[in-house]
Amino acid sequence: GPGEPDGGTGRGPLLISRLISLQAETAFVPRRGGTGESWEPVDAAAVPLLPPNASCWISPLAPQDILYRGVLHGKLQTGKSVATLDFTKQLGHFFVDHPEDAFGSLGRLLHQNFYLGNSKLRVSVCLGVTTLPPTPPLAAASPRLYPFSLQGQARDSTIRMTSLTEEIDRLEARRGCPQQRLTARLRWFSHLCRDWLFEVPLGLLADRVHEELLLQWADLLFDDSPTGGALAWLPPEDRGAHTGRLVYPGGQAMNHLYFQDVVLEELPRVWGSPVQFELNGRIRQVAAARVDGEDFVGVRSDYHCGIWRVPDKTGMAPTPLQVIRTDVPACCLTVSPHLPGELAVCTQSGAVYLWSVEMGLQRLRRDPQTMFFRDHSPWRWSDFTAHPRVLSCADRTGLQCLDARAPERCHFDLFKVGEEASCQQGERVVLPMYLGRAHPSQHLITTQFSVYVLDERLPMVPVLKWAHMMKAPPLFAHVTPGGPGRSHKVLLGASRTQELLLLQYQGKRWGFSDAATCQLAGPPQKLHSIAGCLQHLPTQLPHRHCLLQQRLSSPAAGLAAALQEDGLRESLLVFQLSEVGDIFCQRLTHEAAQPLAPTEAELPPESCASPQPSAAVPSPAAALRYRRWLKALSKGCGEPPHQSCPPTFSQNRLFTRKELETPAGPSALHEQARQRLRQAMREGGRIQHWDPSAPQPPPLPQPLEFVEGLDSLSARLTAAWSGDWCQWWEERSSFNLAQRQRVLRERRRRQKRARGRRSLSASF
Amino acid sequence: SSHEYKLNFRKSKELCLSYIQDAMLQKQWKRAAEFLTFYVESLEKDFSREHVNPSEMIWRIGTEILCHHSCSSMKEFNSFTEQMKTLAVKRYLKVCLEHAFHLLCNGLTNEAYQNLSLAESWRFGEQTAIQNKEMKLIQAYRGLLDYYSWSKQKNILLKQCQDGFEDFSVEQEMHSCFRKAAMNLKEIIKVPGVWDLFVKCYVDLLEFYGDHNEARQVLNEYAYNSRFPANPNAHVYLYESLKRHGEPKKSLISVLKILHDIVPSHELMMDFNTMLQKSKKRKKRQLGLEVIFAALDYAGWKQNVKAWSCLARQVKQIVTSEKHLDWIKQEWNSRKDWWPAFHFSRYLAKRNWQENENLSYEKALVAGILLGKECKYFKYVSHQGCKTRARRFRVLKKFVNKHNLVYLRISG
């Protein structure tokens, strides 16, 4: 199949003793399992760090928007997963949304031949005028028919547009009708106009629309543009300090870059106002690394990449250093942890560059083909390795390491999707990351199924593999190195589903023989997602709840974490950015003195097998944050314009002025009505008789006297009207019973009599 | 309709799985276990054609839950695994192997051994290629356990020898363990792969019985067979074995040379460098300089005082003797554009000075020679050093001042 990697490179079968490792003489240590450090979430859900990114509200694209109507249903029926894109609808949208582009000048030229009036097409007789009229006004309020020199010609070459639109409307109304037929006039018109009405050649336009649709659909299935994440935490210079910096995108088009000081308290809070830069495009990725005490922040948008230097002292503004522009969208930007002002850039054309602020760009490779087997994805990635001149270079099929000094000659394969790593069919590299801060020669590689840890010194054979079972591929990763004897904490984040996982692994920082003893510590742990806080927000009106849900569950766009040490207590603060620019954070704590594995007694009692375990309640401080955030959201961005309020009409359109005229002062009648209203509200009752002039209820029409001759329905209705329907029923049923008994008795008597007579005759 | 039923069934199956996963990721093992009992129903109508089918899912999840669940015991684990073995024939060997690992991790070596032996005798129809591999692994691990009992017997025997009496039964048992272990271990290391553990054990066995040739051959094969993945450990084992048997320097150097080519940042490079420095041949000494320069390229070696002092000593030697300055020039050529920022920045001078004076001394010497006395690193460290009135820093300053023109010659 298409997902089959061609693993036959002559390396033969490879068995790896990866499951178990030997440490002492005969003590076996599991490669995974064991006990990790316990990091417990402090709050019940993620808490907003910043007020909502008010101006940004992109309504997410849903499959229904671009799929052919009814195809979902059909798809399920046939069991095939081939989606049909609704090309016609999209092209129709284009014509409606951009009529000027589609029909602009030709429309202008043809203006004379379209009659837009309501009246019947009359032929004005205007003999003797032979010159063509001056250019007609474009948006003529009352289009006139310009007289032609020959009236017959005018009649032949002019179309009454109103009737045409009426036909189209009628067509719309009959949509779905199997008998629908185009009227002759429409057929004729479309036939005539097909080739020349459009400004843009229709074939070309169709190609472009279709291309765009395919692109949108591919993005809907898997959007790799935010790979790496657009959120970065710049920790304080000395480890005890509490103020760090968060770098994130914001604004309406997510094209503003913010550097915000954040104080790490129980709930982290922002300090001062952010330093802001307006950029030229939507920010896709923010990458940061600290070299020589200074932070270097790389920012990637589709066609531009930039680098900022952030001085270590707080309060000093970040300075932009350089910007590069690419012809093809860039898909990767990583900052060197070794040398100041060095970055690796990849573009979708398959080019990999080493970008140095001082030396400029150096192209290391340009290969539109993938490395190990054929894959259609133009995505490329590059990161640094233990050697500052050697860069890793990835596509969906694997990783290679290149020496920047001789990229053509010096390279070796680091990872390949295939047998050596016992990959699954269709498995692809999603995000590689250099784990230099945890171990100088280790790399993390995520695929849609698994996570691998690779050692540069022992390429191709992963030293650790774990199937993460995430619903969406992990596009974001963050590593928090643990000290000696501690585990390294790896955070994995997915975009579409907002999943967030914390896993711990151990591996000695030094010594090669122990490289093989890399082990996963403790079971992986799920962290709160942004959407999870919905249940802790104050109750909303249904439609607002819906909007809020949509907002909170928009795909994640970045992930960052900060480690805070406070004596024995350590906290890990995890920040998560959403696609609309909201940033939420959560705190996990680890007590160093605490025993490694909490006993069952210490754990909170587990709930039974219910889909949602009983949720904890957010702290008052968190609840306050939620309320403020919500308030800011409803105030700031209100709601998206098209969905916000139901259509309203002015009263003036419904009533005449006279009707709307208010009386000079409140009449006694009004007073009375108000009083009654208040009273009813106090009592919680109803106002039954609104008309104050008739305080007494109109007397019920007297039930008609029971007339013997009434049919049963009338009798029943009469009884119901007078309110004693139940009684009527009782009576009727008992009446029936009595009647039946009487009839039965009568019949028996008759039969008896008949029998008697018969027997008498028989005896004769 | 049946299709709809299938669809609903699949949906609820997926939902159930996601609940299990959710519970497991929050360490709610009881909740996960309860859901798993519902999920077992999914076996009944298994329409899936996915890579990981429900029965495998149940095995994996069940194992994970039993490993963490507070109420689970070894007995329960065993009975669960036995059930899993019968659930899918294709997976039998895999489950057996994992079971044995679990037993081993819990110190139940004998049970694990029995399990592996049982799995070894299992036959079911035609064996697939994967099953063949798994069978080899099972045999190898059994061999490994035989090796452990061998080494236990050996220790008993050695102790008995010391105490002055001999027990033939122990010796015989030891020999039988050897035979079993050697046979299985020998098989697995023929297959290309990373078999550090097995190779080590097998070589140990061979060397004990004096079969050095065979041991050498195994190690050579493991290191140099191109079908095996490039494994630096293989070269390390070969080197260690050669060293143990007092082989000549030349062969040691040739092994380390290959290791240097594969992993220039290996910690044995320090030994390699020392070895090369002692050599009388010029070429080898030049290689020594190359080795130490290459090691210091790596981020992991940045703070290594030993390596820096090694480099400082050699550079000093060359500069004093004024011979072979071209060696330094050659090495420096490919590094002069990035070493200053990587090793000799002012920030690092400050930090090295604060954290490790010795390191900053060695680095300052190298910096002073390679970059001249105006280099930031050298200037800062010598200034700070002279403030402390330490003699070696004054000597250092004098030395660098004296040879200040060297840097022009090597970078020219």
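Analyst: Axes here are lines fitted to C-alpha atoms, for helices over the stretch in contact, and angles run from 0 to 180 degrees between N-to-C directions. Helices (H or I, at least four residues) and strands (E, at least two) are DSSP runs, numbered from the N terminus. This is a predicted model, in which local features need pLDDT of at least 70 and side-chain atom pairs count only at pLDDT 80 or more, whereas totals for chains, interfaces and linings use all residues. Residues are numbered from 1 along each chain as its sequence is written, chains are lettered from A and ligands numbered from 1 in the order in which they are written, and side-chain values use heavy atoms, with hydrogens and water left out.

User: At what angle do the axes of helix H5 and helix H6 of chain B cross?

Analyst: Two packed helices are described by the angle between their axes and the distance between the axes. For H5 (residues 92-105) and H6 (residues 109-120) of chain B, the axes come within 8 Å and cross at roughly 170 degrees. H5(B) and H6(B) are therefore roughly antiparallel to each other, since angles under 35 degrees count as roughly parallel, over 145 as roughly antiparallel, 65 to 115 as roughly perpendicular and the rest as oblique. Their crossing is left-handed, a term used if the near helix is turned anticlockwise from the far one by less than a right angle, with right-handed for clockwise. The contact (heavy atoms within 4.5 Å) involves, among others, B:Leu93, B:Leu97 and B:Leu104 of H5(B) and B:Ala112 and B:Leu116 of H6(B). By class, it has 10 nonpolar, three polar and one charged residues, where Ala, Val, Leu, Ile, Met, Phe, Trp, Tyr, Cys and Pro count as nonpolar, Asp, Glu, Lys and Arg as charged, and the others, Gly among them, as polar.

User: How far apart are the axes of helix H13 and helix H15 of chain B?

Analyst: The axes of H13 (residues 269-278) and H15 (residues 305-321) of chain B are 11 Å apart, and the helices pack at an angle of about 20 degrees. H13(B) and H15(B) are therefore roughly parallel to each other, and H13(B) passes H15(B) in a left-handed crossing. The residues in contact include B:Met270 of H13(B) and B:Cys310 of H15(B), and the classes are three nonpolar, four polar and one charged.

User: Is B:Glu56 buried or exposed?

Analyst: Buried means under 20% relative accessible area, exposed over 50%, and partly exposed in between, with a 1.4 Å probe and protein chains only. B:Glu56 lies in helix H3 (residues 54-68) of chain B and is buried, at a relative accessible area of 9%. Leaving aside residues up to four places away in sequence, B:Glu56 touches B:Arg91 and B:Lys94.

User: Which sense of pairing do strands E12 and E13 of chain A have?

Analyst: Two strands pair if DSSP finds at least two bridges between them. E12(A) and E13 (residues 294-301) of chain A pair in the antiparallel sense over eight bridges, and A:Ala287 has A:Gly298 of E13(A) as its bridge partner. Seven of the nine residues of E12 (residues 283-291) of chain A are buried, so this strand is largely enclosed by the rest of the structure.

User: What is the order of the open sheet that contains E28 of chain A?

Analyst: The order of its four strands is E28-E29-E30-E31 (chain A), with antiparallel pairing. E28 (474-480) and E31 (519-526) of chain A stand at the edges with a single partner strand each, so one side of each is left without a neighbour in the sheet. The twist averages 20 degrees from one strand to the next.
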